[in-house]
Amino acid sequence: MLSRTVPSLAQIGLIGVGKMGEAIAKNLVAAGHRVSMFDVNQENLAKIAAEDPANLKASRCVREVAEECSTVVTMLPNDKVLNHVCREEGLVDALASSHDKSLHVSCSTVSPYTSRELSDFHLAASAGSKYVGAPVFARPDGLALKQASFTMSSACPDALSEARTLMEPSNGKVFEFGNDPGAGNVTKLCGNFLIATTIESLAESLALAEANGVDRVAVKDMLTSTIFDCLIYKGYGQRVSERDHQPGGFALELGLKDVGLVLDTAHRSGVPMPFGSVMKDGFTAAMSKGRENLDWSALGLGASENAGVDVSKAVEESAKHLPEVLRPDAIVKAKKN
């Protein structure tokens, strides 16, 4: 098999420079790499590049990045965009035609079937074009602190080793899941499903406490300092108990997307997941109220509403930093029109 070690001070490509992509770019620079970046939001891209012009380059298109860099990391929002970048925007073709050996590390949360198809698509373009599925567990603030966890898998063992060499020193821990390109994505979906059900179970439990006159924040504090003393319960416990769903971490609309991927994978695999259907309904109900741009912990507002609690002030407070057109009331109004 073809093998290539990522050298120090290599030019690494990055497609998708939102909050997560920005953190990856800056971590790669801190680890000694230069980064050529592309994002459809060219204004934001230029601002990020201007912070460190010696090491961060704003590129004009996907092909420019792939022609310049034999290793490209993608951090994209969904399967449709990832496929579009790889196929219509020419990422795979440019990597295959510009380099004898190339590596694409996909950090997006996508269907395992998408990863399997893209792995084949890379190898069909060139025997030296390798794909690694490497979805990441982290919010932007955790990723910036190099506290991410990557669940990696690839049909090419040498590519898996290379991706680990690149991402582990710069961004966080790597967990390998073998030679099925979709295995890392299955693992990520399992984790996101558990987080979603945690948000819902926290919300229902705290709604029960509140309805009986018990302080919901105090209940959360007790539980997360004893039997539920862990990162997910503490972080989402704070957001749910205080009804603090300000955006900036993981948008509610992406939660609906991920639960949809879970259910699709479960259906194809013959695995009943009844809680998944409940989660999908909960996210759909929140979307119908215009909450897609809030943090996905806003799923928990539904439990309070179902218990007769007015959450309108919490929604208004959580949305206050959003542009007016992205706030729930504006979205609901636009949908009606």
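Visitor: Which residue of strand 9 stands opposite M152?

Guide: It is E176 that stands opposite M152 in strand 9. A caution before we go on: this is a predicted model, where local features need pLDDT of at least 70 and side-chain atom pairs count only at pLDDT 80 or more, while totals for chains, interfaces and linings use all residues. Residues are numbered from 1 along each chain as its sequence is written, and side-chain values use heavy atoms, with hydrogens and water left out.

Now the setting of that pair. Strand 8 covers residues 148–152, and five bridges join it to strand 9 in a parallel run. Strands here are DSSP runs of E with at least two residues, helices are runs of H or I with at least four, and both are numbered from the N terminus. Two strands pair if DSSP finds at least two bridges between them. In general, strands of a sheet pair through backbone hydrogen bonds, either parallel or antiparallel.

The sheet here is open and has three strands, in the order 7-8-9, with mixed pairing. Strand 7 (136–137) and strand 9 (172–176) are its edges; each has a single partner strand, so one side of each lacks a neighbour in the sheet.

Helix 8, residues 157–171, lies across strand 8 and strand 9. Its direction makes an angle of about 155° with strand 9. Such angles run from 0 to 180 degrees between N-to-C directions, with axes fitted to C-alpha atoms, for helices over the stretch in contact.

The loop between strand 8 and helix 8 holds C156. C156 is buried, at a relative accessible area of 6%. Buried means under 20% relative accessible area, exposed means over 50%, and partly exposed lies in between (1.4 Å probe, protein chains only). Beyond its neighbours within four places in sequence, C156 is in contact with L123 and K130. Contact means heavy atoms within 4.5 Å.

In the largest nonpolar core, of 35 residues, M37, C107, M152 and M167 touch the most other members. A nonpolar core is a set of buried Ala, Val, Leu, Ile, Met, Phe, Trp, Tyr and Cys residues joined through side-chain atoms within 4.5 Å. Elements giving two or more residues to this core include strand 8, helix 8, strand 1 (11–15), strand 2 (34–38) and strand 5. Helix 1 supplies the largest share, six residues. A second, separate core has 32 residues, among them A196, I199, F250 and L261.

C107 also counts as buried, because its relative accessibility is 0%. The whole structure has zero disulfides. C107 is in none, and the nearest cysteine sulfur, that of C86, is 12 Å away. A disulfide is a pair of cysteine sulfur atoms within 2.5 Å. C61 is partly exposed, at 30% relative accessibility. The closest cysteine sulfur to that of C61 is in C69, 12 Å away and too far for a bond.

Leaving aside neighbours within four places in sequence, M37 is in contact with residues including L14, L45, I48, S59 and V65.

Strand 1 and strand 2 pair over five parallel bridges. Q11 stands opposite R34 in strand 2. Four of the five residues of strand 2 are buried, so it is largely enclosed by the rest of the structure. S36 belongs to strand 2 and is buried at 0% relative accessibility.
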